[in-house]
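Colleague: I would like a close look at one part of this structure, beginning with the chain that contains it. Please keep the account connected.

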Amino acid sequence: MTTRTRIIGWIVALGLIALLPLLPAPIGTPFHMELGIRIIILAILALSLQLLVGFTGLVSLGHAAFFAAAAYFVAVAAPQDGPGSGWWLLPASVLCAAVLALLIGMLVLRTKGIYFIMVTLAFAQLVYFVLHDFPLFGGSDGTYIYFRPEFAIGSWLPMDLGDATHLYWFNVLMLGLTVLILSLVLRSRLGHALIGIKHNEQRMRAAGFRTDLYKLASFVIAGAFAGLAGFLYATQHGYVNPEMASWHQSANSLMMIILGGLGSLPGAVIGAITFVLLSEWFQAITRQWQLLLGGFIILVVAVMPNGLVGGLASLRRGRARKSVAPAARGNTEEVSS
Amino acid sequence: MSAQPRDTLATRQAQPASAALLEARGLGRRFGALQAVSDVSLSLAPDAIHAVIGTNGAGKSTLINLLSGELAPTSGQVRLMGEDVSRWSQPRRAQAGLGRSYQRNNIFPPLTVRENCRLAAQAHAQRPWQFWESAQACAQSQSQADDAMERAGLTQMAKVPAAGLSHGQKRQLEVAMCLATNPRVLLLDEPLAGMGPEESDRMLNLLRGLRQGHAILLVEHDMDAVFAVADRITVMVNGAVIASDTPDAVRANADVQRAYLGEHA
């Protein structure tokens with residue numbers, strides 16, 4: 001895929017997503033907008049994890065800690081008696097997640113492979129229990145945010161987050177921003193270096209890269225965008241609880257990017273959409289919906305080792321012509337650089 | 001036998017000792033009970049190929065790892081351009097002009113040959129904070145990569161994913177990636193391993209071309225190749241240096257003959 005078709009693809013996809021509230025009754029309802037926002041938030045979380053797992057090769061099982069940190073920051077820092085200003089709550093909550101990622105990253109990045117997975121999990125559990133046990137955070141019930149943050153310019157509200165449609169578009173905007181920044185990062189020298197580290201860290205060190213700092217940068221950027229997802233979650237629900245930091249949340253995000261395709265930004269979004277829609281659908285069918293969802297994921301991994309995106313790409317390739325250099329395309333965006 | 005006097009190349013050529021680009025002084029590495037490298041001293045002069053030969057397990061690769069900074073020495077010192085770098089990390093030594101290639105192919109398999117080289121070259125123009133600028137826009141790393149591919153004879157393969165190269169081409173890419181970082185000192189770990197005669201000749205020509213402007217440490221099993229290109233040869237047995245001299249002198253050395261012929265003949 002050339003850069004231009006990729007950009008057009010994103011614009012078309014985001015445009016279609018943004019149209020949802022304008023659709024007629026059976027679809028454009030508040031229920032569907034709420035579902036859409038949920039998907040978008042989880043897509044941003046999956047995108048942030050994709051940078052870490054799919055492009056840097058660091059498999060983390062504790063990513064939800066940063067998601068929860070930013071959401072709790074909003075809950076604790078937002079005023080009780082009126083809407084807080086989003087102009088500072090948004091960047092400050094993202095910064096809060098980034099700082100936590102910096103602190104945790106400096107410790108966990110001393111380990112590799114399976115140990116890295118376990119240590120990230122351990123730190124996320126630590127965050128979980130801090131949120132669970134400190135009275136400030138409201139215990140296992142969590143805590144409420146009574147007013148949605150406002151993005152006011154003087155007395156003008158260009159986006160009134162109290163309005164369902166505006167809130168939806170605000171989330172679409174943030175998704176677009178996330179995709180834009182992560183795409184730029186991946187296109188830049190930083191992104192190329194991260195991909196190099198994913199494939200061969202030893203060689204990167206031999207060439208003269210401080211790979212430890214690069215991995216930390218990836219960890220912090222991923223944490224920051226997880227924080228953005230956390231801010232959006234807190235804004236939408238007006239409620240946070242420790243389950244946001246639970247390892248289920250981390251594992252779900254991991255499953256989304258595996259489902260969609262590792263090493264692909266569209267993969268993260270498609271993974272999140274598929275994951276949420278399927279769980280909705282399966283929950284409507286049966287109580288044992290997790291069995292169906294798990295089965296589906298196993299099926300995808302078995303049949304399409306490169307996830308849904310990789311599977312779609314090889315389908316298209318197979319239809320175009322069977323024998324054209326498969327290695328040259330691969331499943332990931334990184335090859336086409 | 002272990003403690004050879006310091007390399008006398010410099011004195012013989014009437015140069016000051018500091019002219020050595022890379023120097024090992026009494027370098028040693030112990031893994032538990034195994035002394036993999038013991039008390040190795042050698043110095044790499046500019047514009048010269050210094051070969052290190054020895055039987056399997058003689059400690060040649062460990063020596064390269066010590067010099068490049070991948071392993072910390074348990075004793076001794078590494079000096080790069082007169083400076084003690086023994087405690088420097090590998091990336092820091094690489095930044096200072098020390099490049100290495102690996103015995104086993106150690107490349108970025110899914111990336112194109114050009115991107116393999118460009119990424120190595122990017123080490124000297126990192127600017128990770130410029131996230132809005134495309135990596136392809138970095139003219140310095142592009143031109144260094146093109147130059148390295150040209151020297152290694154890989155220009156034709158620039159757009160091929162490295163995984164699709166033949167074994168010999170991957171060996172060439174190993175060296176090209178090392179060159180792309182624009183080093184003063186090259187540590188080449190068996191660049192000829194597994195190559196056919198034609199590819200070998202090509203690589204030897206490349207090495208001869210690189211002599212000018214670089215100090216090269218060549219670890220190699222192919223004796224014909226070593227004696228054809230080396231200006232100086234160090235022979236290691238069981239982690240220690242038993243001889244370090246010109247090729248002719250090494251060929252005539254009784255200890256070397258015993259070490260090689262005694263085990264193999």
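Among contacts in chain B between residues at least 6 apart in sequence, what percentage join residues at least 24 apart? Please then turn to B:Thr155: where does B:Thr155 lie?

Modeller: The model is a predicted one. In chain B, 68% of the contacts between residues at least 6 apart in sequence join residues at least 24 apart. The secondary structure of this chain consists of ten helices and ten strands. Its radius of gyration, 19 Å, is close to the 18 Å given by the globule rule for 265 residues, so chain B is as compact as a globular protein of that length. Along the principal axes, the C-alpha atoms of chain B fill a box of roughly 60 × 40 × 40 Å. As for burial, 49% of the 265 residues of chain B count as buried.

Within this chain, B:Thr155 is found in the loop that runs between helix H5 (139-152) and helix H6 (167-180). B:Thr155 has 15 other C-beta atoms within 10 Å; a residue counts as buried at 20 or more and as exposed at 12 or fewer, so B:Thr155 is classed as partly exposed. When residues up to four places away in sequence are left out, B:Thr155 touches B:Met149 and B:Glu150.

Terms used: Residues are numbered from 1 along each chain as its sequence is written. Chains are lettered from A and ligands numbered from 1 in the order in which they are written. This is a predicted model: local features need pLDDT of at least 70, side-chain atom pairs count only at pLDDT 80 or more; totals for chains, interfaces and linings use all residues. Helices (H or I, at least four residues) and strands (E, at least two) are DSSP runs, numbered from the N terminus. The radius of gyration is taken over C-alpha atoms; the globule rule is 2.2 Å times the number of residues to the power 0.38. Two residues are in contact if their C-beta atoms, placed from the backbone, lie within 7 Å.
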